[in-house]
Amino acid sequence: MNPTLRGVLPILTVLLAIVVIWYGAAVWMNAPWVRDQAARAETLLTTGDLIRQTLTLERPVLPAPHQVAAGLWEGIAGQKITSKRSLVWHGWVTLSATLAGFAIGTVAGILLAVGIVHNRAMDQSVMPWAVASQTVPILAIAPMVIVVFASAGITSLLPKAIIAAWLSFFPVLVGMVKGLRTPDAMQLDLMHSWNASRAQQFWRLRLPSSLPYLFASLKVAIAAALVGTIVGELPAGATAGLGARLLSGSYYGQTVQIWSALFAAAILAAVLVMLIGALERMTLRRMGLAR
Amino acid sequence: MQVARRSETAIAAKSISLTFPTADGPVHALKDISLAINRGDFVSFIGPSGCGKTTFLRTIAALETPTGGTLSVNGMTPDAARKARAYGYVFQAPGLYPWRTIAGNISLPLEIMGFSRSDRAQRIARVLDLVDLTGFGGKYPWQLSGGMQQRASIARALAFDADILLMDEPFGALDEIVRDRLNEALLDLWKKTGKTIGFVTHSIPEAVYLSTKIVVMSPRPGRITRVIDSPLPRERPLEIRDTPEFIALAQQVREGLREGHSYD
């Protein structure tokens, strides 16, 4: 077996299994409705009819994979990208807030980590608050953030970015505290023997040593930022973004629309994580830190 | 010049002690250590683990602070000497930064100490030559063997012209063949530079081959049991290890180690 095939085969097997289970579930979950309709119209259903109809409903309980694929394709390629029905447009709205929130969260996480590593008072006081911030359900916080910002006349990107940052600063903080503390006693002794200042120690030793940890955290953080943004798009009747698409889909029973938006979000997250992974590989290889 | 400085004392310790408080009561890492090291000496510290040889080296480097006694390095307190760049320290592991080239690693202390770019380049070239690594400046640490990496770390310790070189089992992690070669190279380097060298080891032949003065230590509490001045000439080919003088000296060190080893 050639190596690429060996790598891809397990993935394809799992994917195939999921698709098969999904089709089975779609038939099973949509069947009651189809049977009802048939009984009301007093028509007889063959098994073939039943299966065909369960997979082609306009508002199925669970849409079949091909319906979601069609919905996704329609949303991405079937519209002008400026259209309010375009998933590309909604995706961009979500992506821009995600990236802004990710940037804010990363900077905040790094700064807090630097403070914790260099300042005893911060070392003992910041972490419990950071942990507490993550135990508050984001679903409860998000509407308040949106409302508070809206009352100040600020809508759209910034409030969503704040919610995204709320979720994404934490993994960066934890990873960077660990990363900045990786240099061992010998490395620190060497720096001390050269009479290096704390700033020199930071820029030349601690920061470069922490990069593998930073990248691992960034992957978690960007996925968290996307979740935060989508949650931020749910309340207050947002009209743009993948979250709004999810919400309006559920208002009107447009299950295909919900699932399309869900998959669009999943694909977006996967692409973002992969991009950071590529950046990680490039940087660490250049620095001789690749494992 | 070297001859004129020979009689000067580089490191003077008077009844140094160092006690760590632990949950099981105080641990005497060093007790009543008195020793004078002359400029240009090559001093080895030998003894079983826990005898305080590394700790004593670290007090000279101001990486540990004695709890009693007085210690002077170049006529200053160890901490003042550290700030005056009196010593270069070589650890058992090379501790090179993987993200810097060999030249970049040697440049690191020079950057921290504020040497100019052109001065740095000159010094890097000089110390690379001194440890026989000319041409390897552009390589990354992982491209070099363990022995070469340790030579690079010695070059790094030499780059800023400290006149004391402190080495804590620098060749402990290397195999014997490489170790022999590096010992020879180290003697050569010592001859060329006239540095004062403090060298921690637990190999008797290594200590005897390299040193002008051998300090035998023993544990619990860490103390000096014997100080042996080597009668061997400064010029030492590897073959010297088969001479009767060498073997007699090794015997003396071994006795010193046995003496300090108590089971009570």
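1. Which residues make a nonpolar surface patch of about 420 Å²? The patch is built from Leu262(A), Phe263(A), Ile267(A), Val271(A) and Leu275(A). Patch residues have over 30% relative accessible area and no salt bridge, and nonpolar side chains (Val, Leu, Ile, Met, Phe, Trp, Tyr) are joined within 5 Å. Areas follow the Shrake-Rupley method with a 1.4 Å probe.

2. This is a predicted model: local features need pLDDT of at least 70, side-chain atom pairs count only at pLDDT 80 or more, and totals for chains, interfaces and linings use all residues. Residues are numbered from 1 along each chain as its sequence is written, chains are lettered from A in the order in which they are written, and side-chain values use heavy atoms, without hydrogens and water.

3. Look at Val271(A) in helix α11 (residues 255-287) of chain A. Helices are DSSP runs (H or I, at least four residues). Val271(A) is partly exposed, at 40% relative accessible area. Buried means under 20%, exposed over 50%, partly exposed in between.

4. Leu55(A) sits in the loop between α2 (47-54) and α3 (65-77) of chain A. Leu55(A) counts as buried, because its relative accessibility is 13%. Leaving out residues up to four places away in sequence, Leu55(A) touches Tyr23(A), Ala26(A), Val27(A), Ala64(A), His66(A) and Gln67(A). Contact means heavy atoms within 4.5 Å.

5. Chain B has domain 1 (1-63 + 164-264) and domain 2 (87-161). The contact takes 22 residues from domain 1 of chain B and 16 residues from domain 2 of chain B. Bounds come from an automatic or database domain assignment.

Conventions. Patch = residues over 30% accessible without salt bridge, like charges linked within 9 Å, V, L, I, M, F, W, Y side chains within 5 Å. Salt bridge = Lys/Arg side-chain N within 4 Å of Asp/Glu carboxyl O. Helix = DSSP H or I, 4+ residues; strand = E, 2+ residues; numbered from the N terminus. Buried < 20%, exposed > 50% of the residue type's maximum accessible area, 1.4 Å probe, protein only.
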